[in-house]
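Please read the points below with the sequence and the model open beside them. They go from the overall chain to the ligand and then to several helices and their contacts.

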Amino acid sequence: MNASIGNQENSQSQFVPFAQSPLWQLQRAYFERTNVKAWSTGEVPHYVTSNPYTAKAYAQLILGFLRDNYTPQQPNAPIYIVELGTGSGRFSYRLLLALAQLAETVADHIPKFVYVMTDFVQDTLDFWETHPRLKSFFESGLLDYALFDAEKDTSLYLQKRQQTIAPGDLSQPIITIANYFFDAIPQQLFYIDEGQAYQGWTKLGGYNPETPPTSNEALASLSIQFEYHGLDEIPFEQPSLQQLFRQYKSQMENSYLLFPHIGLNCLLNLKALSLKGLFLITADKAVHALEKWQNRPEPQFAKHSGCFSLTVNYHALKAHCGILGGQALLPKQSSLGITVGAFLYVKNPERYRETLLSYQRHVNEFGVDDFFSIKKHIEQDIESLSLRSLFAYLRLAHYDPRLFRQFLPQFRALASQADVATQQEVVRTIQRVWRNYYPIGEDEDLAAEIGILLHEIDLHDEALTFFKWSEKIFGPKEITQVYQALCHWALDKPDVCQSILEQVLVHNPTQRIALHFLKKLKHQASLASNQVPE
Ligand SMILES: C[S@@+](CC[C@H](N)C(=O)[O-])C[C@H]1O[C@@H](n2cnc3c(N)ncnc32)[C@H](O)[C@@H]1O
């Protein structure tokens, strides 16, 4: 039988099952083509999944899981924390920073761990290899990385350790992180009603396989048509996926259902690496209540420049985890933006008390989505915030560099009138923010902006440290050179000041501030030389 419903006007030969649509190849090509620019240009949203608040919440969940896995006779083998579709590495860095700090306090009561960043784009791995923020983690052995394609790979090759992890190798459970990941990899689409399931097929309007689009704009202009074909047999090999499909077939009414078969297969492959199961922490724009998948219309594509995302079916992850005897932790409250789910694919999940408690505390009571809502609210009225409120919000945000940058004008407006103790608090806050800073090639020069603020409150040595950071990241710039000269002027180092200003004038002979201060310096020097020695 090949019954079809939906759009019959189009030639069936051009339609393919949704999971095999060229859309997914275009998506892959986008990530391969753009590499880290996908995030540095802001084309692909990543703030919610990469900010320090989210990182800290994940660190707490992981700590809970590590504590649950502690036994006094610790095996020597570490617990591997494998991040899928890592992207820029900003989240990995912040998570590892937060986790290492938390782990320090309970080091004797948790198993050892190793964080493994993975992606399927080699250029992205090369970016991590040379990133200065990751260097010390690589050197300490806490961090490693692997090229891993979720669509096909069944083992991991850790490139730093030069070690392969194959099925059955791990005597400890494996932890997996997947942020904005399940929405980026192929999924199946079904229409299910009255016990019948139809497979969604798609055709791309404006797409020519001979000349596939290579620019972001061309992808955005493609149109997608659907039609639905009856199924003779269940299109999955894995028994647990078949069981899940049968459940949906009997449960769903008038529903267009996304089925994350590649994601589920990938989790099964990772789970097979360990003899003790898997703990998944994931964040996505997702729907996890079955009733919200009932009577659901066709999926909406969120287009982000050269790629797209779909609402992820976390109910499928939950039901699949249940089929395998595990337990899914999902928010009690409905989240409009991001959903953080934790999935214990382990035996006797109810024994994982620390993990359950951490989820309750760091997701259910007040979570990533709540933090994001509050941040949006604060952004409306930053000019009304006192220094005390600025400090408090930054503490809440776990010293998020993005929020700090938004606060900078207000810091500049208030900090110069503050007392010395408060100015010291500004410095401590900046140091904490800076620890979380992970540059990915964005235009904004946070280091220089911090330097200017510190210069304005007469903390010139501290300001110079940040101008040096700016030079390290962006190379020498006129503005940072001028400010460095002003700091040396204020620190009473006229020779250094003069030499920097002269360098500035070599490149820009009309630089106004440089000319002005050089004139002052020369005037001072001539006064000094005219003084009669005693
Ligand atoms: C939307 S981005 C998410 C990046 C990051 N996790 C975040 O939260 O911002 C999707 C990531 O998945 C990666 N990716 C896409 N398809 C993949 C596949 N088949 N296997 C592994 N990674 C994949 C992309 O290269 C990209 O880094």
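1. Helices, here and throughout, are DSSP runs of H or I with at least four residues, while strands are DSSP runs of E with at least two, and both are numbered from the N terminus. By that convention Asp495 is found in helix 21, and the protein chain as a whole has 22 helices and 19 strands.

2. This is a predicted model, in which local features need pLDDT of at least 70 and side-chain atom pairs count only at pLDDT 80 or more, whereas totals for chains, interfaces and linings use all residues. Residues are numbered from 1 along each chain as its sequence is written.

3. Taken along the principal axes, the C-alpha atoms of the protein chain fill a box of roughly 110 × 60 × 50 Å. A residue is called buried if 20 or more other C-beta atoms lie within 10 Å of its own, exposed if 12 or fewer do, and partly exposed in between, with C-beta atoms placed from the backbone. Of the 534 residues in the protein chain, 43% are buried. Two residues are in contact if their C-beta atoms, placed from the backbone, lie within 7 Å, and among contacts in the protein chain with a separation of 6 or more, 75% join residues 24 or more positions apart.

4. The ligand is surrounded by 23 residues, of which the closest are His46, Thr49, Gly85, Gly87 and Asn179. Helix 1 (22-34) and helix 3 (47-50) are the elements that give two or more residues to this shell. Ala, Val, Leu, Ile, Met, Phe, Trp, Tyr, Cys and Pro count as nonpolar, Asp, Glu, Lys and Arg as charged, and the others, Gly among them, as polar; on this basis the shell around the ligand holds 12 nonpolar, seven polar and four charged residues.

5. How much of helix 18 is buried? Nine of the 11 residues of helix 18 (residues 446-456) are buried, so this helix is largely enclosed by the rest of the structure. The buried residues are Leu446, Ala447, Ala448, Ile450, Gly451, Ile452, Leu453, Leu454 and His455, and what covers them includes helix 16 (401-415), helix 17 (420-435), helix 19 (460-474) and helix 20 (478-490). After helix 18 comes Asp458, which has a positive phi, near 65°.

6. Angles in the following points run from 0 to 180 degrees between N-to-C directions, and the axes are lines fitted to C-alpha atoms, for helices over the stretch in contact. Helix 18 and helix 19 pack at an angle of about 165°, with their axes 8 Å apart. That makes helix 18 roughly antiparallel to helix 19, given that angles under 35 degrees count as roughly parallel, over 145 as roughly antiparallel, 65 to 115 as roughly perpendicular and the rest as oblique. The contact joins Ala447, Ala448, Ile450, Gly451, Leu454 and His455 of helix 18 to residues of helix 19 including Phe466, Phe467 and Trp469, and its residues divide into nine nonpolar, four polar and one charged.

7. Pro401, found in helix 16, has 24 C-beta neighbours inside 10 Å and therefore counts as buried. Leaving aside neighbours within four places in sequence, Pro401 is in contact with Val433, Asn436, Tyr437 and Leu446.

8. Helix 15 (residues 387-396) and helix 17 pack at an angle of about 25°, with their axes 11 Å apart, which makes helix 15 roughly parallel to helix 17. Here Leu387, Phe391 and Leu394 in helix 15 meet Thr422, Glu425, Thr429 and Val433 in helix 17, and the residues of this contact comprise four nonpolar, two polar and one charged.

9. Helix 21 (residues 494-507) and helix 22 (residues 512-530) pack at an angle of about 140°, with their axes 10 Å apart, which makes helix 21 oblique to helix 22. The contact of helix 21 with helix 22 has nine nonpolar, two polar and no charged residues. Asp495 has 9 C-beta neighbours inside 10 Å and so counts as exposed; Asp495 and Leu521 are 26 residues apart in sequence and 9.0 Å apart in space, C-alpha to C-alpha.

Technical notes:
A residue is near a molecule or strand if its C-beta atom, placed from the backbone, lies within 6 Å of it.
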